Amino acid sequence: MANRVVSVVVVVMFGLIGGCGGQERVGEAPWRIHTLFSVECQNYFDWQTVGFMHSFKKAGQPGPVTRLLSCTEEEKKSYRGMDLAPTLEVPSMSRHPQTGDWYPAINKPAGIVHWLKHSKDAQNVDWVVILDADMIIRGPIIPWELGAEKGRPIAAYYGYLIGCDNILAQLHTKHPELCDKVGGLLAMHIDDLRALAPMWLSKTEEVREDRAHWATNITGDIYGNGWISEMYGYSFGAAEVGLHHKINDNLMIYPGYIPREDVEPILFHYGLPFSVGNWSFSKLDHHEDAIVYDCGRLFSEPPYPREVKAMEADPNKRRALFLNIECINTLNEGLLLHHVANGCPKPKWSKYLSFLKSKTFSELTRPKFPTRDSLRTKEDELQEQVFDEPRRPYPKIHTIFSTECTPYFDWQTVGLVHSFHLSGQPGNITRLLSCTDEDLKHYAGHDLAPTHYVPSMSRHPLTGDWYPAINKPAAVLHWLNHANVDAEFIVILDADMIMRGPITPWEFKASRGRPVSTPYDYLIGCDNELAKLHTRNPKACDKVGGVIIMHIDDLRKFALFWLHKTEEVRADTAHYAKNITGDIYESGWISEMYGYSFGAAELNLRHVINSEILIYPGYVPQPGVKYRVFHYGLEYRVGNWSFDKANWRNVDVVNKCWETFPDPPDPSTLDRTDENVLQRDLLSIECARTLNEALRLHHERRKCSDPSSLSTSKQEAASEATMSRKFGKNDSSRLIRSKPKSANITQESSSSSSTVTNQTFSSFRFWIVGLWVFSVLGFLAIMSVMLSRGKAPKKRGKNYKPKRRASYLGIGDMNGLDRHLHNVEIP
């Protein structure tokens, strides 16, 4: 009897402390609200339910709440938690009745469809709030006050649902442009829910069956096992019925995250592990925990507010720690009250229980209400960016790429810089040029791009190892230390790329601490002992490269790690094997790529991996994707035509006037029977044409002679060569130069070519003139001899006549006659 009295007193006390603030604020709602959350018959969901229900009451959430409980008949026989919340039992779809697929998350849309069909509450409501069980409500969630309208639900932002932007949305909804990356907190009008729910369930089944597109780079699911199919089912279903959300990234927060200034979250979602000092909590550690039914047992107590205050000086970080302990303390308070209400013995006094009953805790956990900044949606933020541009401009961008002093990198530079200017890329571009002093003495490509000069590390100054790829991180580090960089974001590209459009941090969602890159799936060392050997955080190793968008603050911290990890992996020759690195040559050539991934892992820089930025020519594109970069690092073909950059390693197409690569086929000649092959070939042709156009414009800027005049000169040269043969001498150097150029022959520089050509012409003309002078003198000598020999007029006349006829003979015949008479050798 005494225990029951104590129980009542504790319950009343906690009710008075926690509940009054919410009731006073909310008053009577003008519309009817119903809150739903979905669970299964497991201990894991039972302790979540206790915490959820306690916070629901403590926050003063208006309207009724219903737990949608999905259980099999067998599970119900031993289930103990029927009285934990107002409940609607729902047939379990964890094991799909038709496909046999085990996917418990499908119970959420299935439960809502069941509620709409079978619950009387669904006939007596205007607005529905849908939450998850692993949430703690901090304040009332009132849809119309948060900005929800009929046809415009309010929802929290789930930025990792990258499938809304790629082929996944194009495959699973007719309106991919309406696909919103949302989840967690959903508040919508009942009419919208009626239209959405069946489609939500159907699209969940559809995405779950689409195993071909479960990959992380398509779904954003770090496990790549289709676990977030239900989230995509919601987004695709909403797009199908034309629901466009007001997206709010302020109302809900994951404990462990730092809240924005002046924002008051009204919902905790403790789906991820979080910690305070040496204390931590992860819901997955309590998957089988029967703590609800274990009298007096609570989750481990976190640090007290006084201790937290001493842990962190930064006010924002300190505030985040306070939110962490508020979440777990509210959970424990719910468990304590549940134990008391269910007849458990009075718990023994402890400092922690005393704190949970204190006025201090009551004040800390009074209902919270959204601030003005809390209510700002993504649309509001975008409008502020558009209409208040002078005050809040886009961040400044700078694009960099690394090269060396060779013809191979020069023609790549011409192509990349040309495409940069065509692409509309904001900001400036800088070439990081790594050369030895000896290289620079003979280098002719200084004006090809804005350039930062870097000492070459191709031959490592300490080890003597020949590894030119290390110049990339070394050059980035040198640039950061020696250049005046005023950009907020840096875009890092490779020289063998062609840009097709702008690459911006605001479009691809790069932020401080969250760089963006493209997938390099062959970096298998991230998954094996290579990562364990070379980084303390192998789980943070991302298989990325090619295109990088990184905040300048992150790059300054990271660049040195990139260089050191490259040296470290390069020196680890024992692990060059293909089955460890993925390097088909097993030569350690991709050590720099691993240097990047391991360096980023050391700083726990996790990337937004986007597969829609870069494509290799020769690869089949995803339908509808507007790739921003060609990376022509591999050989590609269109019919009988092909291009492999490696074949042009020693060919100077930049300094030889009008040199270009072989033209690709005309697009009109392509076979159009296979759309995938057609689109692949069109992109390949575009890449090659852009390279050639860049070279043509480069030659124009160099003021190369008009190509048409060059063809005239060739005809004249051929004519002169013919005449030379008639004189009995072929100018072999000239004839060789007149032959068609071979792509595999190294060309001389334009300056030396013109010098040799001028010398050839001068020599040739000299001998022509000499030959004419000699012919005239010979003719006069013969005439003189003939005249001096004559005695009788008749004889003289006879001798003279043939000579007169001879004077009218052609030049060739005269030349032959001279040689016959005088045995003169023409030089």
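## Exercise 1: strand partners

Task: find which strands pair with β6, and in which sense.

Solution. Start with β6 (residues 154–157) and β7 (residues 182–189): they run antiparallel and are joined by four bridges. Before going on, note that this is a predicted model, in which local features need pLDDT of at least 70 and side-chain atom pairs count only at pLDDT 80 or more, while totals for chains, interfaces and linings use all residues. Residues are numbered from 1 along each chain as its sequence is written, and side-chain values use heavy atoms, with hydrogens and water left out.

Next, the ground rules for the elements. Strands (E, at least two residues) and helices (H or I, at least four residues) are DSSP runs numbered from the N terminus, and two strands pair if DSSP finds at least two bridges between them.

Then look at β8 (residues 246–248), which pairs with β6 in the parallel sense through three bridges. There, Ala156 faces Asn248 of β8.

## Exercise 2: a covered helix

Task: work out how far helix α9 reaches, and what covers its buried residues.

Solution. First, the span. Helix α9 (residues 229–240) has twelve residues, and its first and last C-alpha are 16 Å apart, close to the 16 Å expected at 1.5 Å a residue. The expected span is 1.5 Å times one less than the number of residues.

Second, the burial. Buried means under 20% relative accessible area, exposed means over 50%, and partly exposed lies in between (1.4 Å probe, protein chains only). By that rule, eleven of the twelve residues of α9 are buried; among them are Tyr232, Tyr234 and Phe236.

Last, step off the end: Gly242 follows α9, and its phi is positive, near 80°.

## Exercise 3: disulfides

Task: count the disulfides, give their pairing pattern, and say what the link of Cys41 and Cys71 ties together.

Solution. A disulfide here is a pair of cysteine sulfur atoms within 2.5 Å. A search of the whole structure turns up six. Number the bonded cysteines of the chain in sequence order and the pairing reads 1-2, 3-4, 5-6, 7-8, 9-10, 11-12.

Take Cys41 and Cys71, with S to S at 1.5 Å. The link of Cys41 and Cys71 is right-handed, with 80° about the S-S bond. Cys41 lies in the loop between β1 (33–40) and α2 (43–59) and Cys71 in strand β2 (residues 65–71), so the pair ties together parts that are 30 residues apart in sequence. Cys41 counts as buried because its relative accessibility is 12%, and Cys71 is buried at 5%.

Move on to Cys164 and Cys179, whose sulfur atoms are 2.0 Å apart. The torsion about their S-S bond is about -50°, so this disulfide is left-handed. Cys164 lies in the loop between β6 and α6 and Cys179 in the loop between α6 and β7, so the pair ties together parts that are 15 residues apart in sequence. Both Cys164 and Cys179 are buried.

Finish with Cys526 and Cys541 (S to S 1.9 Å). Their link is left-handed, at -45° about the S-S bond. Cys526 lies in the loop between β18 (516–519) and α19 (529–534) and Cys541 in the loop between α19 and β19 (544–551), so the pair ties together parts that are 15 residues apart in sequence. Cys526 and Cys541 are both buried.

## Exercise 4: cores and a buried glutamine

Task: find which residues touch the most other members of the largest nonpolar core, then check what Gln48 touches.

Solution. A nonpolar core is a set of buried Ala, Val, Leu, Ile, Met, Phe, Trp, Tyr and Cys residues joined through side-chain atoms within 4.5 Å. The largest has 77 residues, and Trp47, Leu131, Ile141 and Phe281 touch the most other members. Zoom in on Ile141: beyond its neighbours within four places in sequence, its contacts include Ile33, Val129, Leu131 and Leu185. A second, separate core has 70 residues, including Val547, Val569, Ala601 and Val608.

Now for Gln48, in helix α2. Gln48 counts as buried because its relative accessible area is 1%. Not counting residues up to four places away in sequence, Gln48 touches Ala133, Asp134 and Tyr270.

Terms used. Contact = heavy atoms within 4.5 Å.
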